[in-house]
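Please open the model in your viewer and keep the selection tool at hand. The stops below follow one another, each with something to select and something to look for.

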Amino acid sequence: MNEVIDALVGAPERALLAAVKILALFVTAVVAFRLTGRRALTELAPFDFVTAVAVGALIGRTATATDASWLDGAVALITLLLAHLVVVHLRFMPGVRRVADPSPHLLVHDGKVLQHALRRCGLTRSDLDIVLRRHGVTELDAVRLAVFEPNGAISLVTRTEDARPSA
């Protein structure tokens, strides 16, 4: 019975150590994200998403690992965020941009759904219909363009938006 209780509760000092490490890593992550910019949290291109997931995994693993110190986690976290920052800046080079950022895909053109583009993006017609309804579009003919953006969002240009004068 003690083994079961030990497996569920563990050693209180280890739990306290995990709490201290998670708080220290949280502060480290906040400061590091602040210094490297807000991009990873706002736009989420594929490499941003990988960074965000890796940061979460790294913080969680370091906080609960008995063989990893705060310093281990902090160095790994800062290295990861610096690598992310390097990729952000290297994306201004066309060759790197093609690898780091997928290109947008046209899904609807002048009210016609491009099935091959939906398939290439891993979307179904139902997925597209959901997005259209969220944007208040009830008729496909009202859509001039629907574009699957590199960050996974779908942008719509409707015929009424197209007719407005630009500011």
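Angles between axes count as roughly parallel under 35 degrees, roughly antiparallel over 145, roughly perpendicular from 65 to 115, and oblique for the rest. This is a predicted model, in which local features need pLDDT of at least 70 and side-chain atom pairs count only at pLDDT 80 or more, while totals for chains, interfaces and linings use all residues. Residues are numbered from 1 along each chain as its sequence is written, and side-chain values use heavy atoms, with hydrogens and water left out.

Begin by selecting helix 4 (residues 46-64) and helix 5 (residues 70-90), whose axes come within 10 Å and cross at roughly 175°. Here axes are lines fitted to C-alpha atoms, for helices over the stretch in contact, and angles run from 0 to 180 degrees between N-to-C directions; helices are DSSP runs of H or I with at least four residues, strands are runs of E with at least two, and both are numbered from the N terminus. Helix 4 and helix 5 are therefore roughly antiparallel to each other. Their contact (heavy atoms within 4.5 Å) involves residues including F47, V55 and L58 of helix 4 and L77, L80 and H84 of helix 5.

Next, turn to the charged pairs. A salt bridge is a side-chain nitrogen of Lys or Arg within 4 Å of a carboxyl oxygen of Asp or Glu, and a search of the whole structure finds three.

Select R125 and D129, whose side chains meet in a salt bridge at 2.9 Å, N to O. Because they are four residues apart in helix 8 (residues 125-134), about one helical turn separates the two. D129, at 23% relative accessibility, counts as partly exposed, a class that lies between buried (under 20% relative accessible area) and exposed (over 50%), using a 1.4 Å probe and protein chains only.

Now select R159 and D110, which form a salt bridge with the closest N and O atoms 3.5 Å apart. This pair links distant parts of the chain, 49 residues apart, with R159 in helix 9 (residues 159-163) and D110 in the loop between strand 1 (105-109) and strand 2 (112-113). R159 is partly exposed, with a relative accessible area of 37%, and D110 is partly exposed at 35%.

Finally, select D67 and R61, where the closest N and O atoms of the salt bridge are 3.7 Å apart. Is D67 buried or exposed? At 60% relative accessibility, D67 counts as exposed.
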